[in-house]
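Trainee: I would like to learn how to read a structure. Can we go through one together?

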Amino acid sequence: MKTRGLSVKNVVAIGIGSAIYVILARFTSIPTPIPNTNIELVFPFLALLAAIYGAKVGFAVGFIGHALSDFIMYGQTWWSWVLATGIFGLIIGLSSKRLDLKNGIFGIKQIIFFNIVQILANAIAWIAVAPVGDILIYSEPADKVFVQGISATISNGITIMIVGTLLLKTYAGTKIKKGSLRKED
């Protein structure tokens with residue numbers, strides 16, 4: 001009988017992943033001219049974890065990691081962006097089965113697929129979820145939050161396209177490819 005809960009491996013991945021998320025968010029953010037919007041090297045890491053462990057871990061690491069990092073760095077949590085980060089991790093995680101990283105496969109087709117998914121996930125998270133949440137929850141001006149969302153989509157998309165693709169390619173390279181072992185005669 002298969003349970004629907006989280007495995008021990010996934011719980012550990014969430015705990016360690018969230019801690020690493022906080023550290024990366026704290027020490028690898030590069031400011032941009034757009035207020036409260038940075039180039040974030042944490043998102044390629046989140047994409048890697050979501051691709052390896054799936055949607056539940058992707059959502060949890062994004063949500064918990066972002067909530068903790070906001071609280072630690074700013075003394076408050078910006079829940080609309082926390083939810084958007086969780087949704088980003090969820091979307092990447094949902095696509096992970098098609099990537100087949102566990103079998104060491106991450107060729108040009110998978111790279112293109114991954115980058116299409118991550119661009120769509122960024123657009124959903126930062127152009128839809130975060131700005132709408134800012135408007136509904138915090139009564140922020142629409143023009144401001146949509147500029148921030150578009151800026152985050154572009155910077156995260158480029159960062160993940162470069163660093164995230166390299167991380168996934170490297171991870172896939174550590175796995176034994178399906179059918180690569182043969183029995184000796």
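**Reading the helices**

Mentor: Start with a pair of helices: H1 and H3 pack at an angle of about 40°, with their axes 8 Å apart. This is a predicted model, where local features need pLDDT of at least 70 and side-chain atom pairs count only at pLDDT 80 or more, while totals for chains, interfaces and linings use all residues. Residues are numbered from 1 along each chain as its sequence is written, and side-chain values use heavy atoms, with hydrogens and water left out.

Trainee: What are helices, strands and axes here?

Mentor: Helices (H or I, at least four residues) and strands (E, at least two) are DSSP runs, numbered from the N terminus. Axes are lines fitted to C-alpha atoms, for helices over the stretch in contact, and angles run from 0 to 180 degrees between N-to-C directions.

Trainee: How are H1 and H3 oriented to each other?

Mentor: Angles under 35 degrees count as roughly parallel, over 145 as roughly antiparallel, 65 to 115 as roughly perpendicular, and the rest as oblique. H1 and H3 are therefore oblique. Their crossing is right-handed. A crossing is right-handed if the near helix is turned clockwise from the far one by less than a right angle, and left-handed if anticlockwise.

Trainee: Which residues of H1 and H3 meet?

Mentor: Contact means heavy atoms within 4.5 Å. On the H1 side, the residues include Asn10, Ala13, Gly17, Tyr21 and Arg26. On the H3 side, they include Val57, Val61, Gly65, His66 and Met73. By class, the contact of H1 with H3 has 12 nonpolar, 7 polar and 1 charged residues. Ala, Val, Leu, Ile, Met, Phe, Trp, Tyr, Cys and Pro count as nonpolar, Asp, Glu, Lys and Arg as charged, and the others, Gly among them, as polar.

Trainee: At what angle do H2 and H7 cross?

Mentor: The axes of H2 and H7 cross at roughly 45° and come within 8 Å. H2 and H7 are therefore oblique to each other. The crossing is right-handed. Among the residues that meet are Phe43, Pro44 and Leu48 in H2, and Asn156, Val163 and Tyr171 in H7. The classes in this contact are 12 nonpolar, 3 polar and no charged.

Trainee: And how do H6 and H7 pack?

Mentor: Their angle is about 155°, and their axes are 8 Å apart. That makes H6 roughly antiparallel to H7. This crossing is right-handed. The contact of H6 with H7 has 17 nonpolar, 10 polar and 1 charged residues.

Trainee: How do I check the length of a helix?

Trainee: How many residues of H4 are buried?

Mentor: Buried means under 20% relative accessible area, exposed over 50%, and partly exposed in between (1.4 Å probe, protein chains only). In H4, 12 of its 16 residues are buried. Trp81, Phe88 and Ile92 are among them. The cover over the buried residues of H4 includes helices H1, H2, H3, H5, H6 and H7.

Trainee: Is histidine 66 buried or exposed?

Mentor: Histidine 66 is buried, with a relative accessible area of 9%. It lies in helix H3. Leaving aside neighbours within four places in sequence, histidine 66 is in contact with Tyr21, Val61, Trp81, Val82 and Thr85. Histidine 66 and alanine 84 are 18 residues apart in sequence, and their C-alpha atoms are 9.6 Å apart.

Trainee: Is arginine 98 buried or exposed?

Mentor: Arginine 98 is exposed, with a relative accessible area of 62%. This residue lies in helix H5. Beyond neighbours within four places in sequence, arginine 98 is in contact with Gln110 and Phe113.

Trainee: Where is aspartate 100?

Mentor: Aspartate 100 is in the loop between H5 and H6. Its phi is positive too, about 60°. At 27% relative accessibility, aspartate 100 counts as partly exposed.
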